[in-house]
Amino acid sequence: MVAMPQSSYAAKVSAPSLMRRAACLAVRTINIMVEEELCKLVKEVDFALEKLVGIASKKGNLVDFTCKDRAGAIELTDKLSKHGSIKAVRLYESTKTRVAIGWVPIPMENEAIKKFVETHFCKVDYIYSKKNKLGLLSGLRILNIETKDIKENPIPSYINIDGFECYVSYTGQSITCKYCQKPGHKQAECPVRTKDYPSLSQQAEGGNDTNSNQN
């Protein structure tokens with residue numbers, strides 16, 4: 001095997017220490033935006049263009065922002081995450097995990113959610129209510145949590161806050177069953193649910209037989 005020259009691009013991308021992206025963030029917009037709209041968006045969230053190195057549009061509604069330093073990337077991530085035109089945003093190198101909690105009754109206070117998560121799982125850096133493009137509350141709350149903390153104390157896919165069922169989603173989460181709360185499967189494949197309600201399994205098998213006969 002021929003040794004790869006250390007000056008080659010392939011050698012550089014294979015060495016993580018040479019390709020750090022501490023000042024970069026990935027953004028998914030709700031609608032596809034052109035360069036002029038992206039620059040306008042940056043100004044709308046009160047972030048100075050002088051702090052940016054570049055903006056690279058990718059496939060579809062994906063955009064990469066590169067800032068001059070890590071502090072700028074963190075600031076821009078925080079500001080864009082609260083804008084109505086942004087579907088998702090993340091740092092390429094982050095010590096934090098962005099946790100989404102949905103199905104939340106709009107009147108429920110953020111402090112009640114924060115207290116619940118900290119009591120049962122881990123410390124919350126901050127929490128805010130997600131709004132839609134019209135500026136209306138959507139029933140979705142976003143929490144920022146240390147990645148190491150949530151790995152040690154993972155939050156299941158479904159939680160019950162003050163009697164209200166809510167769903168939880170975040171990068172790296174192991175799915176848990178809505179029915180038995182155990183990890184590794186969804187409610188539709190839950191063995192406990194099948195045992196408790198055998199008729200559901202029989203209906204599913206009957207539906208498969210019907211479909212096979214039709215084919």
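## Two loop residues with positive phi

Gln181 sits in the loop that runs between β9 and α6 (191-196). In this predicted model, the phi angle of Gln181 is near 70°, a positive value in a residue other than glycine. Gln181 counts as partly exposed, because its relative accessibility is 37%.

Asp46 also has a positive phi, near 65°, and is likewise a residue other than glycine. The loop that holds Asp46 lies between α2 and β2. With a relative accessibility of 61%, Asp46 counts as exposed.

## The chain as a whole

The protein chain contains seven helices and nine strands. It has 215 residues, of which 33% count as buried. Among contacts with a separation of 6 or more, 57% are between residues 24 or more positions apart.

## Helix α3

Five residues of α3 are named here by their burial: Gly72, Ala73, Leu76, Thr77 and Leu80 are the buried residues of this helix. They cover an arc of only 135° around the axis, so they sit on the same side of α3. The elements that cover these buried residues include β1, α2, β2 (52-57), β3 (62-67) and β4.

The N-terminal end of α3 is capped by Asp69. A side-chain oxygen of Asp69 lies 3.4 Å from the backbone nitrogen of Ala71.

## Helix α4

Helix α4 spans residues 110-120, and its buried residues are Asn110, Ile113, Lys114, Phe116 and Val117. Viewed down the axis of α4, these buried residues fall within an arc of 160°, so they line one face of the helix. Glu111, Lys115 and Thr119, on the other side of α4, are exposed.

Which strands are among the elements that cover the buried residues of α4? They include β5, β6 (126-131), β7 (137-146) and β8 (158-161).

## Ile159 in strand β8

Ile159 belongs to strand β8. Its relative accessible area is 6%, which means that Ile159 is buried. Leaving aside neighbours within four places in sequence, Ile159 is in contact with Ile101, Phe116, Phe121, Phe164, Glu165, Cys166 and Val168. One of these, Phe116, is also listed with the buried residues of α4.

Ile159 and Lys178 are 19 residues apart along the chain, and their C-alpha atoms are separated by 8.9 Å.

## Thr97 and Asn144

Thr97 is placed in strand β5 (residues 96-102), and Asn144 in strand β7. Is Thr97 buried or exposed? Thr97 is buried, because its relative accessible area is 8%. Asn144, at 12% relative accessibility, counts as buried too.

The side chains of Thr97 and Thr147 are joined by a polar contact of 2.9 Å. Apart from neighbours within four places in sequence, Asn144 is in contact with Lys96, Thr97, Arg98, Val124, Asp125 and Tyr126.

## The largest pocket

The largest pocket has a volume of about 1100 Å³. It is lined by 49 residues, and those closest to its centre are Val89, Arg90, Thr97, Arg98 and Thr171.

Several elements each supply at least two residues of the lining: β1 (24-29), α3 (70-80), β4 (86-91), β5, β6, β7, α5 (147-152) and β9 (164-169). Which strand gives the most to the lining of the largest pocket? That strand is β4, with six residues. Sorted by class, the lining has 21 nonpolar, 17 polar and 11 charged residues.

## Met33 in a loop

Met33 lies in the loop between β1 and α2 (35-44). Met33 counts as buried, because its relative accessibility is 17% and buried means under 20%. Not counting residues up to four places away in sequence, Met33 touches Leu38, Leu41 and Ser57.

How far apart in space are Met33 and Asn61, C-alpha to C-alpha? The distance is 7.0 Å, and the two residues are 28 residues apart in sequence.

Notes. Residues numbered from 1 in each chain as written. Predicted model: local features only at pLDDT ≥ 70, side-chain atom pairs only at ≥ 80, totals over all residues. Heavy atoms only, no water. Helix = DSSP H or I, 4+ residues; strand = E, 2+ residues; numbered from the N terminus. Buried < 20%, exposed > 50% of the residue type's maximum accessible area, 1.4 Å probe, protein only. Polar contact = N/O pair within 3.5 Å; in protein donor to acceptor, adjacent residues only side chain to side chain. Arc of directions from axis to C-beta. Contact = heavy atoms within 4.5 Å. 1 Å grid on protein atoms, 1.4 Å probe; cavity = no way out; pocket = protein on both sides within 12 Å on 5 of 7 lines; lining within 4 Å. Points joined across faces, edges and corners; volume = space filled by probe spheres on them. Nonpolar A, V, L, I, M, F, W, Y, C, P; charged D, E, K, R; others polar.
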